Amino acid sequence: MNIAFFDTKPYDRQYFEKYSKETGLKFRFFEAKLNKDTVELAKNCQGVCVFVNDTVDKEVIDALYKMGIRILALRSAGYNNVDIKYAFNKIHIVRVPAYSPYAVAEHAMALLLTQVRKTHKAYIRTRDFNFSLNGMTGFDLFNKTVGVVGTGKIGKVFIDICKGFKMNVIAYDKFPDKNSDIKYVDIDTLYKQSDIISFHCPLTEETYHLINNETLKTLKDGVIIINTSRGALIDAEALIEGIRLKKIGGACLDVYEEESDVFFEDNSENALNDDTLLKLISMPNVILTSHQAFLTDEALDNIAKITVSNLNNYFKNGVCDNEVCYRCGKCEELGTHQNNKCF
Ligand code: NAI
């Protein structure tokens with residue numbers, strides 16, 4: 001079986017090669033992202049593997065289906081880039097629901113610490129023999145209120161890390177974990193009370209632009225915003241305005257709404273064609289990393305192991321582990337979930 005891997009880089013290929021040896025699967029690695037213009041690369045393949053910035057819309061699903069492809073494996077937890085409703089009854093969508101919540105939660109804290117203690121600036125100053133401390137005053141995390149939006153796997157690890165810093169943690173989740181000791185509040189209270197807000201929920205219609213021109217007004221002055229989830233949780237132009245007005249004290253971003261054309265690539269020789277991103281990067285209190293929160297050895301190993309196992313189980317045993325569909329949760333009740341598949 002041939003599997004077309006889109007948007008791959010040398011640093012993730014090696015992990016997939018390691019696990020492919022145990023299967024009969026053959027991987028064709030492409031640097032290109034999957035979209036309507038590149039979908040032809042999957043010709044003569046029986047499966048497809050994609051990452052967070054590949055576009056799996058109606059057109060791409062139709063093209064893959066025509067080629068006889070019936071399985072698409074996401075090597076990510078999030079699946080907002082796939083039209084799962086349209087894929088239903090055509091192509092099985094499998095994913096990696098968890099690979100290392102620690103990787104992402106620790107990165108969120110790394111960004112926060114860098115932001116409040118300005119270590120990124122100190123590093124550059126001392127390399128230039130500039131030992132001045134002017135403008136370097138930070139603040140203690142101890143006793144500050146952190147609001148966590150989304151208390152799933154990553155949110156919970158982030159909460160534990162914050163508790164280690166003796167921060168006061170409040171949280172909002174659409175589906176609160178009743179068996180936890182997390183102090184849940186409604187989203188308006190979280191916005192009002194938090195000195196720091198960290199987003200760990202998926203991107204859905206409901207969470208699109210959670211931070212916008214209106215919600216911005218309800219935040220505490222000087223709040224620090226952390227987003228390691230998906231760019232579109234935040235309206236970037238509203239964020240920029242909030243920073244300009246000093247409503248927002250700093251932003252720690254690992255994701256950006258329009259990241260798909262820019263992130264994961266070396267653009268150091270190109271003039272960026274995205275004014276919003278240019279503005280964000282130029283702001284002294286914005287720290288931006290290019291969707292790298294997941295990038296640890298442990299996470300990459302788990303992603304490869306689970307993705308290869310998802311594909312292998314489909315081809316070898318005809319079952320779909322870790323499948324997602326638009327009616328997951330109701331599949332069994334609706335009688336469509338059979339033979340360990342959503343349809
Ligand atoms: P999870 O599924 O374990 O937790 C998500 C939580 O969000 C759940 O508790 C859910 O109830 C909650 N939620 C759902 N809808 C909500 C809403 N409307 N408002 C508030 N909360 C809501 O997911 P996990 O593994 O913790 O991942 C969280 C997100 O992190 C993913 O959706 C993904 O977008 C992002 N992510 C980013 C990575 C990176 O490298 N930057 C890597 C992995 C995940």
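A pocket is an open set of grid points, at which a 1.4 Å probe fits, with protein on both sides within 12 Å along at least five of seven lines. The legends below describe close-up views of a predicted model.

**View 1. The second largest pocket and the residues that line it.** The space in this pocket amounts to about 220 Å³. Its lining is made up of 13 residues, and those closest to the pocket centre are Gln-115, Val-116, Lys-118, Thr-137 and Gly-249.

**View 2. The open sheet with strand order E2-E1-E3-E4-E5-E12.** This sheet has 6 strands, and its pairing is mixed. At its edges stand strand E2 (26-29) and strand E12 (323-324); each has a single partner strand, so one side of each is left without a neighbour in the sheet. Helix H11 (residues 297-317) lies across E1, E2, E3, strand E4 (71-74) and strand E5 (92-94). Relative to E4, helix H11 runs at about 165°.

View 3. Strand E1 (residues 2-5) pairs with strand E3 (residues 47-50) in the parallel sense, over 3 bridges. The pairing of E1 with E2 is also parallel, and it extends over 4 bridges. Ile-3 takes part on both sides: Gly-47 stands opposite Ile-3 in E3, and Phe-27 stands opposite Ile-3 in E2. Helix H1 (residues 10-20) lies across E1 and E2 and runs at about 165° to E2. Together, E1, H1 and E2 make a β-α-β unit that is right-handed.

**View 4. The open sheet with strand order E7-E6-E8-E9-E10-E11.** This sheet also has 6 strands, and its pairing is parallel. Strand E7 (168-172) and strand E11 (286-288) are the edge strands, each pairing on one side only. On average, and with direction ignored, neighbouring strands of this sheet are turned by 15° against each other.

**View 5. Strand E6 between its partners E7 and E8.** Strand E6 (residues 145-149) and strand E8 (residues 196-199) are joined by 4 bridges in the parallel sense. Within this pairing, Val-149 has Phe-199 in E8 as its bridge partner. On the E7 side, E6 pairs in the parallel sense over 5 bridges, and the bridge partner of Thr-145 in E7 is Asn-168. From E6 the chain passes through helix H6 (residues 153-164) to E7, forming a right-handed β-α-β crossover.

**View 6. The largest cavity and its lining.** Rolling a probe the size of a water molecule over the atoms shows where empty space is left. The model contains 3 cavities of 30 Å³ or more, and the largest cavity has a volume of about 50 Å³. Asn-227, Gly-231, Ile-234, Ala-236, Leu-239, Leu-253, Val-255, Tyr-256, Glu-257 and Leu-280 form the lining of the largest cavity. By class, 7 of these lining residues are nonpolar, 2 are polar and 1 is charged.

How values were computed:
Residues are numbered from 1 along each chain as its sequence is written. This is a predicted model: local features need pLDDT of at least 70, side-chain atom pairs count only at pLDDT 80 or more; totals for chains, interfaces and linings use all residues. Side-chain values use heavy atoms; hydrogens and water are left out. On a 1 Å grid over the protein atoms alone, a cavity is a set of points where a 1.4 Å probe fits but cannot get out, and a pocket is an open set with protein on both sides within 12 Å along at least five of seven lines; lining residues have an atom within 4 Å of a point. Grid points are joined across faces, edges and corners, and a volume is the space filled by probe spheres set on the points. Two strands pair if DSSP finds at least two bridges between them. Helices (H or I, at least four residues) and strands (E, at least two) are DSSP runs, numbered from the N terminus. Contact means heavy atoms within 4.5 Å. Axes are lines fitted to C-alpha atoms, for helices over the stretch in contact, and angles run from 0 to 180 degrees between N-to-C directions. Ala, Val, Leu, Ile, Met, Phe, Trp, Tyr, Cys and Pro count as nonpolar, Asp, Glu, Lys and Arg as charged, and the others, Gly among them, as polar. A crossover is right-handed if, with the strands pointing away from the viewer, the path from the first strand over the helix to the second runs clockwise.
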